Amino acid sequence: MASKQMANVKGAQKINQKVISKRKDSARSVNTKNQETENSDESVDTNSDNLNTGISEENSKKVADALNQVLADEFVLYTKTLNFHWNIEGRDFHALHLFLDDQYNQLQLIIDSVAERVRKVGHFATGSMKEFLDSASLDEHSGAASVSENMIAELASDHDALIRKTRTLIDDFDEKYDDAGSADFITGIMKEHEKMAWMLRASVPQQMGK
Ligand SMILES: [Fe+2]
């Protein structure tokens, strides 16, 4: 290779090395920034909004954690209700299809109010399917469609589970964590589930021990 060509090749190699090393530097800086962001996200989450409302930071965190667990279960039940609205079959298909339409719309309002309650006590609401599934205590319904009575019974049973859970939270929020507002709020959520469970049971009484 002629010496001029060799010089050009060496020059090009040097430029390439510079570009590669610059890329590595910028990747490193992005990683550091991501790390900082992750760390700052953690600190924001655990430090909350530092509200000065007469509830200790520790107590408001416990209330928020419990509300986020309720939120996860609400989301699972919402998805299941939608699933059954779509896939339900049987003699009463049309009536149950419309009935479940009402029910999932009610659950959507509950989900929104629970998430916003988490924000009101100074924390962040869970907002990803993975986190919902990780912390939910209710099981999803996957696989083939079942007969309508079984679907309705499964929904009623999930509402009962949420009623039991929210009932225990009323005292926890009020007495353990000094948060009367959240106790009142979760009482309202429990009553919503009581009403929805009654309507589910009333729609197929012969299958549900009546
Ligand atoms: Fe629909």
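Author: With burial. A residue is buried if 20 or more other C-beta atoms, placed from the backbone, lie within 10 Å of its own, exposed if 12 or fewer, and partly exposed in between. By that count, buried residues make up 26% of the 210 residues in the chain. The model is predicted: local features need pLDDT of at least 70, side-chain atom pairs count only at pLDDT 80 or more, and totals for chains, interfaces and linings use all residues. Numbering starts from 1 along each chain as its sequence is written.

Reader: How many helices and strands does the chain have?

Author: Six helices and zero strands. Both are DSSP runs numbered from the N terminus: helices are H or I, at least four residues, and strands are E, at least two. The pattern along the sequence is α-α-α-α-α-α.

Reader: What makes α5 and α6 roughly antiparallel?

Author: The axes of α5 (residues 148-176) and α6 (residues 180-203) cross at roughly 160° and come within 8 Å. Axes are lines fitted to C-alpha atoms over the stretch in contact, with angles from 0 to 180 degrees between N-to-C directions. Angles under 35 degrees count as roughly parallel, over 145 as roughly antiparallel, 65 to 115 as roughly perpendicular and the rest as oblique. The pair is therefore roughly antiparallel.

Reader: Which residue classes form the contact of α5 with α6?

Author: 16 nonpolar, six polar and five charged residues.

Reader: What is the average pLDDT of the chain?

Author: The average is 82, and 74% of the residues score at least 70. pLDDT is the predictor's confidence in each residue, from 0 to 100. Over residues 18-45 pLDDT stays under 50.

Note on methods. Ala, Val, Leu, Ile, Met, Phe, Trp, Tyr, Cys and Pro count as nonpolar, Asp, Glu, Lys and Arg as charged, and the others, Gly among them, as polar. Two residues are in contact if their C-beta atoms, placed from the backbone, lie within 7 Å.
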